[in-house]
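Colleague: Could we go through the helices of this model together? I would like to start with the dimensions of one of them.

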Amino acid sequence: TWFRRGRSLPLVLLTFGASGLAISMISADMLAQTDVTREVIERVEKEVKPMIKMLTGEEPGAITMMGVRFKLQSLLNENIPKAKAYMYSIGMTQLFVLEVGPLLTALLLSGRIGGSYAGKVATMQATAQTKLLRTLGISPQVWSLLPALLAALIAGPILTVTGTLLALTLAGITGPEYGIGTRQYFIEQAQKTVFPDLRLRGFVNATSITGALSDLRPTFSDSYFDSLIEVATYPAMYHWLKASTYIFIIMLVAETLARSRPNLTPRGVPGVITSSVVTSSLLVILGDWAYSQLWMKRAW
């Protein structure tokens, strides 16, 4: 088969396991070491002293300022851990779902799947198999590209989701080890981040599919273009669209470069594979930039 019995899965799992663990450890450690309590207290004391003097007509005494400092300290101790847990949960989820997950998988598969397919088609070109197919009245694209593309469009998003889930699972385990929230809190915030409320009028308080589809305008405007942006940038949909687009680019580049040299010899097959991997990787990065521009059009 084109994918050699699913050997892409261990590669994706190892890569996402290593990257997820490394990024989550660095992020959790940075948040754990961040302490703004002293700076906040000093800033508030500077602001509070003139206000107390203006209200009472007297300079605040040491006991008064001690009370202010104690109250502020208790408020910070109560809310800063919650803020860190929230930032960690939202940040890690958005990082892997919106950016790292699809991009990292695509770069891996550009070599694993794209290179493999380019080598297969280039070998067909070099050994006159393509000419034979045309002689028999069979389209080379129908013979090789369509089955491989269909398999890739199924495998690519599945591998992306699998790798992303592994990275987020490791992040949910790592955070509490550094004192950043709990695993249950991380899971709840991750779910809310990936599956927020869809801001379409028909989906607000909808009780049936018919009711949900009755009005597809967004809640914040009357433009159907904004509805398209809202659906395309819905985190779960955005994740799937990026994964599908990237694997389509990889397969299309491999097919184009391998078929574009009718007089290819066996010696030139490695060059086709290299060109396919490099070109598809660059186009995937360019596509990632294009998707970032789409995300910036999302209304907040």
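Colleague: How many residues does α1 have, and what distance does α1 reach from its first C-alpha to its last?

Modeller: This is a predicted model. In it, α1 has 26 residues and reaches 37 Å from the first C-alpha to the last, close to the 38 Å expected at 1.5 Å a residue.

Colleague: Which residues of α1 are buried?

Modeller: They are Ser 8, Val 12, Phe 16, Gly 17, Ser 19, Gly 20, Ser 24, Ala 28 and Leu 31.

Colleague: And what do the buried residues of α1 pack against?

Modeller: Their packing is against α3 and α5, the latter covering residues 140–177.

Colleague: Let us take α3, then. At what angle do the axes of α1 and α3 cross?

Modeller: The axes of α1 (residues 8–33) and α3 (residues 62–126) cross at roughly 150° and come within 10 Å. The two helices are therefore roughly antiparallel to each other, since an angle over 145 degrees counts as such. The crossing of α1 past α3 is right-handed.

Colleague: How do the residues of that contact of α1 with α3 divide by class?

Modeller: There are 17 nonpolar, 8 polar and 2 charged residues in the contact of α1 with α3.

Colleague: Moving on to α5 and α9: how do their axes cross?

Modeller: The axes of α5 and α9 (residues 235–259) come within 9 Å and cross at roughly 145°. Here α5 passes α9 in a right-handed crossing.

Colleague: A change of topic: where is Thr 130, and is Thr 130 buried or exposed?

Modeller: Thr 130 is in helix α4, residues 129–135. With a relative accessible area of 1%, Thr 130 is buried, because buried means under 20%.

Colleague: What does Thr 130 touch, not counting residues up to four places away in sequence?

Modeller: On that basis, Thr 130 touches Met 124, Gln 125, Pro 140 and Arg 259.

Colleague: Finally, what is the phi of Ala 128, and where does Ala 128 lie?

Modeller: Ala 128 has a positive phi of about 65°, although it is not a glycine. Ala 128 lies in the loop between α3 and α4, and at 36% relative accessibility Ala 128 counts as partly exposed.

Notes
Residues are numbered from 1 along each chain as its sequence is written. This is a predicted model: local features need pLDDT of at least 70, side-chain atom pairs count only at pLDDT 80 or more; totals for chains, interfaces and linings use all residues. Side-chain values use heavy atoms; hydrogens and water are left out. Axes are lines fitted to C-alpha atoms, for helices over the stretch in contact, and angles run from 0 to 180 degrees between N-to-C directions. Helices (H or I, at least four residues) and strands (E, at least two) are DSSP runs, numbered from the N terminus. Angles under 35 degrees count as roughly parallel, over 145 as roughly antiparallel, 65 to 115 as roughly perpendicular and the rest as oblique. A crossing is left-handed if the near helix is turned anticlockwise from the far one by less than a right angle, and right-handed if clockwise. Ala, Val, Leu, Ile, Met, Phe, Trp, Tyr, Cys and Pro count as nonpolar, Asp, Glu, Lys and Arg as charged, and the others, Gly among them, as polar. The expected span of a helix is 1.5 Å times one less than its number of residues. Buried means under 20% relative accessible area, exposed over 50%, partly exposed in between (1.4 Å probe, protein chains only). Contact means heavy atoms within 4.5 Å.
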